[in-house]
Amino acid sequence: MSIIDEFIDRYHRLSRRRLMFAVLFFVVAAVSVIMSLGFGTYHISLTEALNTFIDHISGGVVDRKDDLYVWDIRLPRAIGAAFIGAGLAMGGVVMQNLMQNPLAEPYTMGVSSGAFLGAVLSMMLGFSVVPALSGDMAVVCNAFLFSLIPVAIITLVSRFKKLSPTAIILLGIAIMYVFSSITQYLMVTAEAETLASAYHWRVGSLSKVTWENLPFLVVFVTVISVILYTFHRKLDAMYSGDRCAQTLGVNPSLLRGVCLVLVSLMTAAVVSFTGTIGFIGLVGPHIARMFVGSSNKLLMPSAVAFGAAFLILADTVAKVSGVNGLPVGVISSMVGGPLFLYILIKKNRKVWM
Amino acid sequence: MKSISLKKRTSDKDQFAMDPDAEIDLEINSLSFAYGGPDSDFKVLSDVSLKIHGAQLVSILGPNGVGKSTFIHCLNKILEPTGGTVMVNDNDLSEITVKDLAKVMGYVPYTSSDNFPLSVTDTVLMGRHPHSKWGSIDDDLRVVHEMLTLIGITDLADRNFNELSAGQHQKVMLARGLAQEPRILFLDEPTSNLDVRFQLEITRMLKRLSRQKNMLVIMISHDINIAAKYSDNIIMLFDGGVYAVGRPQDVITSENISHVYEVGAQVITDNGRPHIVLVDDDDTDYDDDHNYHVLRTG
């Protein structure tokens, strides 16, 4: 074998080895979806839950109540968790890459603050952007539309003025403050009961994921993630800065504009159903990066797999902790923070500057 | 600001491409650049006209802040000139898409950001992006290996770019520029972080490659002697324009150096090439015979 063949072979071997990380976490995610059917406030053993699951698939529902909990509540929630975790991690990968900033995440542009304002407007004032809607659907719809306002403003501004990544981040933060101030004003004047529900929404929960809205989530996350993946080589070029990317044949402003819109749409779809689930979009990409490096061809699937697995496990803990227990947003940060620190210290390699 | 062209190419207007055997012609016609637009007071370049012909090594010299990098950025479309035109083999640069341009023009920047861990192989592989197609990347990896070997950094292939030293960064970025297989390669101080051996080796290699690959290499340099030793031609920038241009022996004269750099210089000839010795006319007595010392003690 010639030296060149050996070099090429080694590159592919290393890539395959790193891809095992993605495969491992895809398997963990798939197993977790099934396992999570046995966990929750409704008491049913794992074996019974699995039997109920198999019964439903084979068409012979034995226990109506078991079937309701396992098939109608837990399964969509678990699948939703997987896709939400995957989508947020994917969004984080792309945002950190585009912004050249390890602190960027899907919410950096103010998506979550927009969503929260939309939700609060609906909860407290009964305001709905789409007049026909009311109740939960109005909240979701409001959150979705409001969360797209920041990216619309950023896109609008960038038509007149060339925005650097830092300028985009600052603009996002400015918009976030404006939205938060309105939201806070509304919350200060709110009654205790609405305040609690607003706060609960803010922290993030998967309890609203049902078979009815799951397809919406799945389609958004899948389609946008696949589109983003096709940009993987262009996004790699962006690591070396806008100027270099341009000399490599990439139009940095155009790519950034397109990706920001895509990530915002995906994040908006997720956030409007679940509220702000933190941590995974920021740290998920970094954890994957520590194991597979930053080449998007490997990083994207790895982060997606890790995000999916992590959020299902976090939600399982959230469910076990009771009806009024810890929301998944809290769990994910509570477990994820120390986990991240551990890996950061353990993996004694220089990953960032 | 010029908007990004998203229109489909019409069939009668061909995609910009360069015949690999064609001689390179770079024509710069009354190029001007000012940060903040044509009416701004912050003019950097005004009315620069040059014709660069053929595969060769060209060095750009000039004092700090004179606009050497700005000049290069106007030639590779990173900046849009506020006046004048740049023609690449009779094609107006402003009409060539970024994508097409990347197939013929490479750029090795002065600094490189390294916020995220990317392996050296993947970094150099980036240079293949303009030529990339769907499917196997084995052919691209072959080019990557060729360039890593050429620069002598195959041992760094699996290392992360952000773990390397400044000199190693430079070598990797150089390999990436070469992996792009451009017809015109711009380099912004490519050897500034390299030790003397590699300053010589890399510059010599650039000259050799210009012949072997039929490539025009244009580099910014602060090392007058290295530029004089290897360049086919030198462009000396001063005060917003070209102060002198031509063969090293015509440009590197003590008059030019003292005028442009405001420093005394004595020019000697080494192997037919000019070589400068800087003259310091400061006559302060620093008491060089004092007894301060640094000694090895072990």
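Me: How do H3 and H9 of chain A pack, what angle and how far apart are the axes?
Reply: This is a predicted model. In it, helix H3 (residues 64-99) and helix H9 (residues 214-230) of chain A pack at about 30°, with axes 10 Å apart.

Me: Parallel or antiparallel, then?
Reply: H3(A) is roughly parallel to H9(A), because angles under 35 degrees count that way.

Me: And which hand is the crossing?
Reply: Left-handed, for H3(A) passing H9(A).

Me: Which residues meet there?
Reply: From H3(A), they include A:Pro76, A:Ile79, A:Gly80, A:Phe83 and A:Met90. From H9(A), A:Leu214, A:Leu217, A:Val221 and A:Ser225 are among them. By class, the contact has 12 nonpolar, three polar and no charged residues.

Me: Switching to chain B. How many residues of strand E8 are buried?
Reply: Five of the five, residues 216-220, so E8(B) is largely enclosed by the rest of the structure. B:Leu216, B:Ile218 and B:Ile220 cover one side. B:Val217 and B:Met219 are on the other.

Me: Which strands pair with E8(B)?
Reply: Strand E3 (residues 57-61) of chain B joins E8(B) through four bridges, running parallel. B:Leu57 has B:Val217 as its bridge partner. Strand E7 (residues 184-188) of chain B also pairs with E8(B) in the parallel sense, over five bridges. There, B:Ile184 stands opposite B:Leu216.

Me: Now the interface. How many residues of chains A and B are in contact?
Reply: 30 residues of chain A contact 32 of chain B.

Me: Which helix of chain A gives the most to that side?
Reply: H1(A), with five residues. The side of chain A touching chain B has 14 nonpolar, 10 polar and six charged residues.

Note on methods: Residues are numbered from 1 along each chain as its sequence is written. Chains are lettered from A and ligands numbered from 1 in the order in which they are written. This is a predicted model: local features need pLDDT of at least 70, side-chain atom pairs count only at pLDDT 80 or more; totals for chains, interfaces and linings use all residues. Two residues are in contact if their C-beta atoms, placed from the backbone, lie within 7 Å. Helices (H or I, at least four residues) and strands (E, at least two) are DSSP runs, numbered from the N terminus. Ala, Val, Leu, Ile, Met, Phe, Trp, Tyr, Cys and Pro count as nonpolar, Asp, Glu, Lys and Arg as charged, and the others, Gly among them, as polar. Axes are lines fitted to C-alpha atoms, for helices over the stretch in contact, and angles run from 0 to 180 degrees between N-to-C directions. Angles under 35 degrees count as roughly parallel, over 145 as roughly antiparallel, 65 to 115 as roughly perpendicular and the rest as oblique. A crossing is left-handed if the near helix is turned anticlockwise from the far one by less than a right angle, and right-handed if clockwise. A residue is buried if 20 or more other C-beta atoms lie within 10 Å of its own, exposed if 12 or fewer, and partly exposed in between; C-beta atoms are placed from the backbone. Two strands pair if DSSP finds at least two bridges between them.
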